[in-house]
Amino acid sequence: MKVLIAEDDRHTLEGLAEILAREGYETVAARNGKEALALFHLQSPDFVCLDIMMPGASGYDVCREIRRRDPSVPIMFISAKSEEIDKVLGLELGADDFITKPFGVKEVVARIRAVTRRCLAQPKARHHLQLTPFRLADLEVIPSELRARRGGQCIELSLRDVKILDLFHRSKGKALDRHTIFSHAWGGDHLPNSRTLDQHISQLRKRIEVDPKNPRIISTVHGVGYRCEG
Amino acid sequence: MKRPLAMALALVALLPLAGLGWMGARLAASEQQRFQQRVQALLETRLNDTKGRIQEFLQAHERQFQRQIQDLGALDAPTLRDLARNDALIRQVFVLDPQGRVLQPPLDGPLTAAETDFLSRARDILAGKDLLYQGMREGASSDSQARDDSGWFTWYGGRGLNIIYWQRNASGQTIGLEVDRVRLLAEVIGILPDTSGEAADASQGRIRLQDERGTTLYQWGPYEPEEGQAPAAALALPQPFSSWKIACLVPASALQAGPSLRIQLAAGLVAAGCALIALVIYLAREYSREMREAGQRLSFVNQVSHELKTPLTNIRMYAELLEDSLQDEGEEQRRKLGVIVSESRRLSRLIENVLAFSKDRQKRLTLRRRQACADDVIRSAIEQFRPGMEAKGIEIQFDGEAALPFEFDPDSLEQILGNLFSNVEKYAGAGKLLRVDSRQQDGWTTIRVSDRGPGIPRGQTEKVFSPFHRLSDRLTEGVAGTGIGLTIARSLARLHGGDLTLLPAEQGASFELRLPIPRTEDSAAP
Amino acid sequence: MNLNRLHKASAAPAVLIGLALFLGGGTAMAKVDMNLTMRLSTPKMLAGQKQTAYLRVGLIGRSEELKKRRAPVNVSLVLDHSGSMSGAKLERAKEAALMFVERLRGDDIVSVVIYDTTVEVLVPATKVSDKEDIRLRISRIRSGNRTALFAGVSKGAAETRKFLSPQRVNRVVLLSDGLANVGPSTPEDLAALGESLIREGISVTTIGLGLDYNEDLMYRLAAASDGNPVFAQSAGDLAGIFDRELLSVTDVVASQADLEVTVAEGVRPVRVLGRRADIEGRQVKVRFNQIYHDWENYILLEVELPPSKAGQVRPVATAAASFLDLATETRRTLRNEISAAFTDSESAVEKSRDADVMVAAVALIAAENNQEAVKLRDLGKIDEATRALLANADFVARHNQELQSQHLTEIESRNRNDATNQAGERWAAQRKLQQAVTQIEVYRVQQ
């Protein structure tokens with residue numbers, strides 16, 4: 001899934017881009033309103049994050065413009081001045097959500113996931129995902145909700161997590177090498193080093209495994225990669 | 001500026017002005033009155049001069065009449081007729097016996113036409129001798145000593161005023177001279193002033209000699225009065241003209257108190273008015289400057305807070321990103337990173353507080369309600385404070401029974417909890433306990449935050465909620481704090497329609513936060 | 001002013017002057033040749049019935065010397081400069097006044113009084129030494145507002161009074177074009193003023209200018225004071241009028257003439273024709289202010305004689321005149337008397353008829369009748385006025401049959417003319433003319 005981020009502060013922009021990338025989204029960055037509109041037309045993202053105070057066209061103007069072309073694409077406002085959000089959240093501009101500074105990573109992630117859930121429900125979303133829930137061992141995975149359940153316990157998943165689990169589910173029993181996993185979940189050809197992947201798997205295990213030290217769902221295949229037994 | 005204040009200022013300016021104006025008008029009026037009286041007195045003096053002249057004239061004639069009567073000698077018809085014929089002023093001479101009967105002109109002899117005319121005119125007067133005698137006694141002469149044996153007598157009949165000068169002789173006979181009114185008037189005109197044609201000062205006015213009907217007989221003076229103008233002063237004339245008068249008319253401008261007084265008053269009023277208006281303007285400007293500056297201060301505060309938010313966001317965000325990346329790395333690095341993160345969060349909270357406080361001052365504090373789960377927020381807040389609490393050895397207990405989502409502002413709840421927890425951390429650390437309970441019941445979500453610290457002294461249970469209020473320095477010595485935390489927390493609670501109150505407790509402090517659960521169509525009762 | 005005082009005043013200096021002149025052997029003037037005439041319309045009357053006759057008593061004086069030397073003048077010029085006089089009228093009046101002043105001599109006394117709403121003594125009574133100053137002031141006169149005629153004349157009289165002297169000819173000359181509307185303004189008031197002025201020896205000449213003036217008022221004022229009422233149809237007439245006034249002012253031979261006519265026992269004085277005179281029992285007293293050279297002042301007395309026997313000569317009246325002789329500056333008296341004879345012969349009566357007296361009597365009676373007709377016309381009774389005028393013409397014609405007088409013929413035709421013009425627009429002008437002529441008729445009759 002492709003996300004367009006428009007934010008004039010460089011650090012915030014790069015920080016958000018990194019968070020989103022970790023979540024498993026493809027990001028397109030714009031530094032001002034004009035760029036944002038141009039990139040929106042060019043790249044047709046699946047949803048948009050707009051900073052309100054930007055030089056040139058403000059987030060509101062960009063939102064209006066985008067809405068004119070695509071009334072359904074989800075738009076989230078990033079704002080430092082909270083009082084303006086009230087207006088916005090009215091049907092007036094048709095934004096879906098907002099996030100106010102200062103925000104933490106967790107907040108961003110929670111909002112993004114919420115938006116993603118809505119996106120996944122839409123037919124024209126590009127995600128190459130199967131949305132029907134499936135099981136991996138005793139874990140029930142619900143891709144459309146970005147969640148997994150074990151018993152009554154609810155586990156939040158990122159998009160990438162879902163992609164990885166989806167891959168494991170489809171190649172149940174098979175050992176997957178890192179390249180395959182990488183290209184499926186990261187979407188790139190070149191795996192710089194295995195560290196990123198291994199770290200992610202490690203963190204995923206922490207979330208979904210009963211005992212992360214002794215993983216039952218995702219098992220390591222030395223020299224090759226990983227495998228899910230089912 | 002607010003309307004009531006503007007009106008008050010306007011009143012401050014206008015009321016004294018009105019008062020001054022009224023007083024000034026009264027002063028001018030009374031000044032005018034006095035001036036008019038002075039002018040009138042002046043005019044009356046002038047009229048008195050004229051009256052004096054006329055009096056002298058009449059007295060001279062009286063003396064002449066007396067001489068003429070004395071010189072008569074025999075009181076027979078030819079002598080008397082001669083006198084009447086030759087004297088320009090005397091029309092007719094008559095003689096009455098002591099009983100008032102007419103001796104001359106001789107009623108039994110041939111009468112001239114003039115004598116017949118006179119007798120018919122004077123018939124009533126001569127017949128009613130009581131009237132005649134009474135009138136004669138009343139008609140004082142122009143001489144200051146009212147004499148009993150001579151004088152003027154006037155009556156109206158025929159063509160107007162009839163004038164007689166009479167004198168009683170030693171034998172008790174009354175000798176009367178009928179004086180030609182027209183001739184007498186012409187002679188009076190002769191001795192009265194004329195009017196120079198040169199452009200004279202109109203304020204000199206005009207003096208009119210007026211008869212009994214107010215008709216002008218003669219007038220002099222450079223001023224031409226308006227139609228129907230009333231005289232400024234008038235004097236009655238002495239006998240035989242007592243029904244006539246001399247009146248003085250002056251232009252209205254002469255009766256006006258000098259412009260100098262009015263100008264002074266007007267100038268004074270204008271000056272006072274200017275001073276008042278200047279004062280009001282100064283006050284208004286000072287006030288709006290105050291307001292503007294206060295606004296500027298507030299908006300500066302806002303601005304600063306907003307400016308701080310972006311770098312703060314970045315610090316926190318990057319610290320957290322780093323935290324995630326370093327998940328498997330060294331404890332020490334993770335710990336240090338944890339400090340950065342928690343401190344940046346604390347900074348965030350402080351900024352939020354200040355911002356909320358300044359907005360609250362401006363009455364611009366608002367909520368952004370949405371469907372959320374109170375317990376989630378409590379948990380998240382507890383997690384944020386856990387490192388700090390653990391470092392101080394404060395145990396955290398949480399009993400959450402408010403898992404049902406409802407509509408409220410989670411950020412506000414987080415802020416309230418943050419303030420309460422931070423207070424516990426700052427002031428109640430000795431109690432080693434932070435307990436949080438949450439309930440949902442009867443349409444309310446109730447969250448209780450309790451500690452076992454020193455608690456709040458009896459007299460300060462309300463004061464703690466006041467801004468900038470800090471408990472006695474003994475307690476809080478050495479501890480930082482802005483004094484606005486509880487103020488904000490309560491404002492936010494009340495904005496929701498709920499409240500934040502201090503519960504009585506034997507030990508420690510126990511705050512209760514109540515948030516209403518708004519009724520919607522599809523909300524299920526808890 | 002008391003005439004007694006005047007008499008006393010004039011006697012002393014007059015005697016002294018006379019003495020001085022006599023002693024100095026200077027050029028004292030010869031006394032005025034004054035005649036006190038008495039004439040009856042019919043010296044012979046029919047016996048046996050009551051008779052009405054007209055007695056004419058007149059004073060006529062001559063003095064060639066006085067005619068040459070004119071008496072010093074004490075005149076007050078009273079000018080109306082009210083609003084209605086503005087423009088050409090005022091300019092003409094001023095020009096004429098200037099001319100008048102020009103003709104005065106150094107020993108004349110003049111004052112100029114102007115009036116509109118108020119009165120200004122422009123030039124107080126002063127010897128005419130500085131004509132330039134007087135001229136300047138006259139030329140500065142501007143037109144004003146309303147009209148205080150009575151006050152103007154009063155002031156003028158007061159100025160004249162300052163130098164009042166029987167040796168001088170004391171006059172007020174009033175020039176006015178408008179009505180009087182400030183102060184006493186009725187003809188009666190002005191007549192009363194005039195009457196009082198003549199008693200102290202001041203006459204008022206009134207000059208009415210244009211068509212708007214109140215002729216009754218002007219005439220009554222002049223008539224009562226023995227002055228001349230003059231009508232100036234246009235401003236251009238004024239120069240000539242002033243000239244005539246001056247001339248008339250200068251050939252006075254006697255002043256303050258008192259005439260006393262006492263009718264005899266049995267004779268009844270009926271009325272005095274032509275002037276106001278007091279009938280006191282059997283006495284008629286009259287005052288003439290001025291006697292002009294060769295100009296008779298007279299009164300006409302209508303008397304009624306009781307039936308007398310033929311051949312009887314009845315005294316009719318005696319007359320006494322006292323006057324100030326301006327040549328000798330002394331007061332003189334004259335006496336005369338007249339009787340009538342009675343006859344049965346009508347032709348004798350006819351032959352004795354004094355045409356002049358009759359003519360004068362008829363003329364004066366006609367004048368009075370004309371006055372009555374004017375009064376009727378004023379009341380709007382045009383028809384009655386016309387009838388009165390025609391009746392008057394008939395009356396004159398009847399008498400003129402015997403008298404054959406040119407004068408009476410003129411009067412008759414004038415009356416007939418007036419009768420036809422009663423309804424015309426020229427009534428205003430005609431009325432003035434009628435009045436003027438009538439009044440003048442009253443005073444003087446061409447000899």
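The term pLDDT denotes the predictor's confidence in each residue, on a scale from 0 to 100. For chain C of this predicted model its mean is 80, and 85% of the residues of the chain reach 70 or more. Local features are reported at pLDDT of at least 70 and side-chain atom pairs only at pLDDT 80 or more, whereas totals for chains, interfaces and linings use all residues. Residues are numbered from 1 along each chain as its sequence is written, and chains are lettered from A and ligands numbered from 1 in the order in which they are written. The model scores ipTM 0.76 and pTM 0.55.

| Stretch of chain C | pLDDT | Contacts beyond four places in sequence |
|---|---|---|
| Residues 1–9 | under 50 | eleven contacts |
| Residues 443–447 | under 50 | four contacts |

Where pLDDT is low, the predicted coordinates should not be read in detail.

Chain C holds 13 helices and 16 strands, which are DSSP runs numbered from the N terminus, helices being H or I of at least four residues and strands E of at least two. Of its 447 residues, 49% count as buried, that is, with 20 or more other C-beta atoms, placed from the backbone, within 10 Å of their own. Among contacts in chain C between residues at least 6 apart in sequence, 77% join residues at least 24 apart.

An open sheet of four strands in chain C has the order 1-3-14-11 with antiparallel pairing, where two strands pair if DSSP finds at least two bridges between them. Its edges are strand 1 (33–40) and strand 11 (268–273) of chain C, each pairing on one side only, and the twist averages 20° from one strand to the next. Within the sheet, strand 3 (residues 51–62) and strand 14 (residues 297–305) of chain C run antiparallel and are joined by nine bridges, and Ala53(C) has Val303(C) in strand 14 of chain C as its bridge partner. Helix 10 (residues 355–378) of chain C lies across strand 1, strand 3, strand 11 and strand 14 of chain C, at about 105° to strand 3 of chain C; axes are lines fitted to C-alpha atoms, for helices over the stretch in contact, and angles run from 0 to 180 degrees between N-to-C directions.

Turning to the interface, 32 residues of chain C are in contact with 29 residues of chain B. Helix 6 of chain C gives the most to the side of chain C that touches chain B, with eight residues.

Methods: Contact = placed C-beta atoms within 7 Å. Buried ≥ 20, exposed ≤ 12 C-beta atoms within 10 Å, placed from the backbone.
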